[in-house]
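Please look at the sequence and the model first, and then read on.

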Amino acid sequence: MTDKTLLDDCFLHDKDRLRHDEALAILKDRLSPVASRETVSLADALERILAEDITAPRNVPLADNSAVDGYAFRHADFETTGGFFRLQQRIAAGHATDIALAPWAAARIFTGAVMPPGADTVAMQEDCETHQQDGHDFVIVPQGLKIGANCRKAGEDVAEGAAVLSAGHCLRPQDLAAIASTGRARIDVYRKLKVGLVSTGDELRRPGDLMNLGDVYDSNHFLLRGLCAALPVEIEDFGILKDDAALVEVTLKDAASRCDVVLTTGGASRGDEDHILKALDTLGKRHMWQLAIKPGRPMMFGNIGASAFLGLPGNPVAAMVCFLLYVRPVISLLAGSGFCEPQGFEVPAAFDVPTKKPDRREFYRGYLGTDETGATVVHKFMRDGSGLITGLREADGLIEIPEEVTAIRRGEPVRFLPFSGFGIR
Ligand code: AMP
Ligand code: MG
């Protein structure tokens, strides 16, 4: 059996190229987390990856407390008093008392205030009437409240000792709120990975530079920088490399010695001016190249020493699709949160594709809409061409068409991978 991971023939047929699922299996199989740990304050922990399991050292909330502004009483006293209670004390949030509720008495209480010993039920102030008699304050509580009404129990959010979050979780605002509620101020997270970005091509210029005939502005740098912003990484920019074999080799060696991940765009095929493949083969090891996908066939993965190497095609559409499909899960795995696969769902196609080549998986740029009946459908960006950034901008996800499909008719279900499922907008 041929080792498909060492394919180096660019005249291969799609059926001999590495399939998408095989590529994912190689990435999962040959990589393991590399990020070390650091302790950070909760204020700096958003979107970081948790490196410890968090359990609650105490109940949240700590004590039974009132869910409303109102009057706390002992439910068993209701029958004796008929709902007519003498007001004994006043308790505001942050001012807990250990004075027990006297028989047939109620406490004026406010939202979040700890229930006085003996009280088990709270009536909302809107439903009560207050009353003065012989210099004393009384409250009339309505009928029909169940025992425990309007009272939050200690530990009802998280009980003491319960698991709150596990290592590997990427921290969202609501997770930080949960950790804060347990009292933790500093937590262990994985260090951000260092990602080196390299653009290649004699024709490339950075925006702001003068342009000559045939030049192209380096959009991919900003595309990849933006896509990386949703991941726990720090970027080092290695700039634009001329199509010069020696320069490419020396720069990739330097980048690999300084970064956990080296990410290049362009020069990934077998043209005379493409030097990435040879540099990878010279400096490290190639694990995959030439995938049976469209766009993104020249996608490359390997390692240079301890650094993971991902070579993206130069066309912006292919670069973005390959980043989402392969680079994002690789970075996520190396960074400590596991190999993340996108979430998707089936939705009827609002387009026809009369013929599609078999044996390769295709990813179209898609956007959701509604048909004449109001049902959700997915549209395909109709212009082909993997240089068209417009299609990326108009899309809100990718349409994934499996290898065996050879045509799509309007109304047939297709798989849609919304950008939100890749953690971007
Ligand atoms: P290559 O993969 O180097 O053969 O490039 C394929 C196409 O993508 C060519 O038209 C390049 O000009 C274009 N391209 C390569 N790199 C970039 C980049 N960083 N930004 C925008 N276009 C690029
Ligand atoms: Mg090039």
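## Terms and basis

Helix axes are lines fitted to C-alpha atoms over the stretch in contact, and the angles between them run from 0 to 180 degrees between N-to-C directions. Helices (H or I, at least four residues) and strands (E, at least two) are DSSP runs, numbered from the N terminus.

This is a predicted model, in which local features need pLDDT of at least 70 and side-chain atom pairs count only at pLDDT 80 or more, while totals for chains, interfaces and linings use all residues. Residues are numbered from 1 along each chain as its sequence is written, chains are lettered from A and ligands numbered from 1 in the order in which they are written, and side-chain values use heavy atoms, with hydrogens and water left out.

## Helices packing on α7

Helix α7, which spans residues 316-334, packs with α4 at an angle of about 20 degrees, their axes being 10 Å apart. Because angles under 35 degrees count as roughly parallel, α4 is roughly parallel to α7.

Helix α5 (residues 245-258) and helix α6 (residues 276-283) pack with their axes 9 Å apart, at an angle of about 55 degrees. The crossing of α5 and α6 is right-handed.

## Surroundings of ligand 1

The residues around ligand 1 (those with a heavy atom within 4 Å of it) include E203, L204, Y217, D218, T265, G267, G314 and N315. By class, the shell divides into 3 nonpolar, 7 polar and 2 charged residues, where Asp, Glu, Lys and Arg count as charged and Gly is among the polar ones.

Several polar contacts (pairs of N or O atoms within 3.5 Å) reach oxygen atoms of ligand 1. A polar side-chain atom of E203 lies 2.5 Å from one such oxygen atom, whereas a backbone N or O atom of G267 lies 2.8 Å from an oxygen atom of the ligand, and for a backbone N or O atom of G314 the distance is 3.1 Å. The protein covers 76% of the 480 Å² of accessible area (Shrake-Rupley method, 1.4 Å probe) that ligand 1 has on its own. The elements giving two or more residues to this shell are β15 (216-217) and α4 (219-228).

Technical notes:
A polar contact is a pair of N or O atoms within 3.5 Å; within protein, one must be able to donate a hydrogen and the other to accept it, and residues adjacent in sequence count only if both atoms are side-chain atoms. A crossing is left-handed if the near helix is turned anticlockwise from the far one by less than a right angle, and right-handed if clockwise. Angles under 35 degrees count as roughly parallel, over 145 as roughly antiparallel, 65 to 115 as roughly perpendicular and the rest as oblique.
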